[in-house]
Amino acid sequence: MTSTLTISHLTKTFDGLAALSDVSLHVAAGERVALLGHNGAGKSTMMKIILGLIAADKGDVTVCGAAPGSAEARAQVAYLPENTAFHPALTGLEQITHYLRLRGESPGQAIGLLDRVGLGHAAKRRIGTYSKGMRQRVGLAQALIGHPKLLVLDEPTSGLDPVSRRDFYALLDGLAAEGAAILLSSHALTEVEARTDRLLILSKGKLVASGTMPDLRRDAALPVALHITPCNGYAPDLMAAFPGATLLRGDVHLTCAQGEKLGLLAQIAAQHSKVADVEIIPPSLEDIYSHFSRRDGQ
Amino acid sequence: MIARILATAATEARIASRNRWVAIAVLLMLVFSLVLAAAGSAPSGALGADRLSVTVASLTSLSVYLVPLIALLMSFDAIAGEVERGTLPLLLTYPVARWEVLLGKLLAHLGVLTLAIVAGFGAAAIAALFTDAGAVAGLAALWRLTWSAVLLGATFLSAGYALSALARRPSAAAGLAIGLWLGFVVLYDLGLLAAIVADDGGVFTTRVFPVALLANPADAFRLFNLAASQATAAAAGVGAAAAAIPLWQSLLSILLWPVAALGLATLAFRKVTP
């Protein structure tokens, strides 16, 4: 497997406070990896180290076979900062043209790039007149320049409406299919779980979980909830049959571990004459995320 | 490398033009130069020099104040502004070296400043030539003044970048820039004058003073133009000192300062962590 980004035992401390401690990870070519964590979990710090904007205290980082921040790495890495900003006096077209020239690409591609992110109509307006979502798209357009091997995207969908978000992830799919490695950060697990190949969860500078959504679901081993709607008047009978249950608005609520789910269902089925309906509620994505991001001493 | 520097220069020139800096700089130089050209017409006959040479002497004094001021006003925001707007982190992830960014900005800003200097000096020269046919004799002095003023501008533009990188906030950078201007252009000379008066012809006046003049880019610029010009007599103040210091020394100072200032700016910019 060719790894575009490799981080091993990365540690970074700011004024005695550990921003990242002993983080190891890798992102392969064509892989879309989501980096999740609360504010201050170390996401942006890690991205800045990958980009070579700040130096690591300990550990090794390799970006496209080169040191982070080296000319070789910078030529192959694209970045979309959180709250991306540009000079307000320039038009979108001028700004993208400038970035194309800095990467040694033909300035003629500028309008095509802006069209790709749905900004073609506003290309000749000054960025000072743009909305936050439009600025974010200028940021995205510049990240597409020159077929980067690694894209580092810091909360790329903040400020985008739901339709734009869908378009954005479609763009990412295309880039990954062409072999680009993508590392993007987000607050929302619900948004990224269907659109990325792997999830990483940072909490207080530590990597607390890593894997696909099914992996995380299994590792978290959160209890499953079962809601039984009793037939008229049978609630007390069911409460007696299931000692751990609670009664809430006439429904009988039960929880059990993943492995006990089928056994419990069989017990419920045995009471079928008293049961009107059964609903199985798996742990939500946000439950799983909270489980991992809180695990460390919170 | 060249392409990246030129791309930065083109974008910065566009920003300077949109921010009205081109208009402001040209207008300032034009107004002050024409005022001097008009005011300088009175004593020309008595001195026996041609009109243009007299105007050049006045323009030298004007440039010592105005060129550094315009240069610092244009440059103090260069790095601090990028930090405050939040545009710096993205720029630094591009395959462009920091010195290339600085050189691109310098090219654009120096272009604007050169335009303003040429417009101002040109207008003053036309006014002088219009009223005195013998003013052609002063063209060489005017040419020397023009390119040395551009070098003086490059020095203070670069100094502005250095302050901008050190301050990291535009308001602090503006304060430092005004301080630098006051220090180099106004207080430095006052200090030297006070020292000379106190020294009364001693070691300071003969040894330290010439070196102190050469060490200040604004003073070196004034020395160079006054020493080289026929109109030394028309200038007050450092006239005697100008005669005592060889021309090559002041020339060396005005040539070295832009390089040194740009080097300092690059060092300061390297220390900026986005």
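I count two strands as paired if DSSP finds at least two bridges between them. Helices (H or I, at least four residues) and strands (E, at least two) are taken as DSSP runs, numbered from the N terminus.

This is a predicted model, in which local features need pLDDT of at least 70 and side-chain atom pairs count only at pLDDT 80 or more, while totals for chains, interfaces and linings use all residues. Residues are numbered from 1 along each chain as its sequence is written, and chains are lettered from A and ligands numbered from 1 in the order in which they are written.

**Entry 1: domains of chain A.** I looked up the domain assignment, whose bounds come from an automatic or database source, and found domain 1 (3–88 + 126–218) and domain 2 (223–282) listed for chain A. Taken over C-alpha atoms, the centres of domain 1 and domain 2 of chain A are separated by 43 Å.

Entry 2: I began with Leu248(A), which stands opposite Asp251(A) in β12(A). Strand β11 (residues 246–248) of chain A pairs with β12(A) in the antiparallel sense over three bridges. These two strands, β11(A) and β12(A), form a hairpin with two residues between them, and Arg249(A) in the turn has a positive phi of about 50°. Strand β10 (residues 224–230) of chain A also pairs with β12 (residues 251–256) of chain A, in the antiparallel sense and over five bridges, and there Ile228(A) has Val252(A) as its bridge partner.

**Entry 3: the six-stranded sheet.** I then followed an open sheet of six strands in chain A, in the order β5-β6-β7-β3-β8-β9 and with mixed pairing. Its edges are β5 (77–80) and β9 (206–211) of chain A, each of which has a single partner strand, so one side of each is left without a neighbour in the sheet. Direction ignored, neighbouring strands of this sheet are turned by 15° against each other on average. Within it, β6 (residues 150–153) and β7 (residues 181–186) of chain A pair in the parallel sense over four bridges, with Val152(A) bridged to Leu183(A) in β7(A).

**Entry 4: helices on the sheet.** For angles, axes are lines fitted to C-alpha atoms, for helices over the stretch in contact, and the values run from 0 to 180 degrees between N-to-C directions. Helix α6 (residues 162–177) of chain A lies across β3 (32–36), β6 and β7 of chain A, running at about 150° to β7(A).

**Entry 5: Gln136(A).** Not counting residues up to four places away in sequence, Gln136(A) touches Thr84(A), Gly159(A) and Leu160(A), contact being C-beta atoms within 7 Å. Thr84(A) is 52 residues from Gln136(A) along the chain, yet their C-alpha atoms are separated by 6.1 Å.

**Entry 6: chain B.** I found 20 residues of chain B in contact with 23 residues of chain A. On the side of chain B that touches chain A, α1 (2–18) and α6 (88–92) of chain B each supply at least two residues, and α1(B) gives the most, with seven. Elsewhere in chain B, 21 of the 29 residues of α8(B) are buried, so this helix is largely enclosed by the rest of the structure. After α8(B) comes Arg168(B), whose phi is positive, near 65°.

How values were computed
A residue is buried if 20 or more other C-beta atoms lie within 10 Å of its own, exposed if 12 or fewer, and partly exposed in between; C-beta atoms are placed from the backbone. Two residues are in contact if their C-beta atoms, placed from the backbone, lie within 7 Å.
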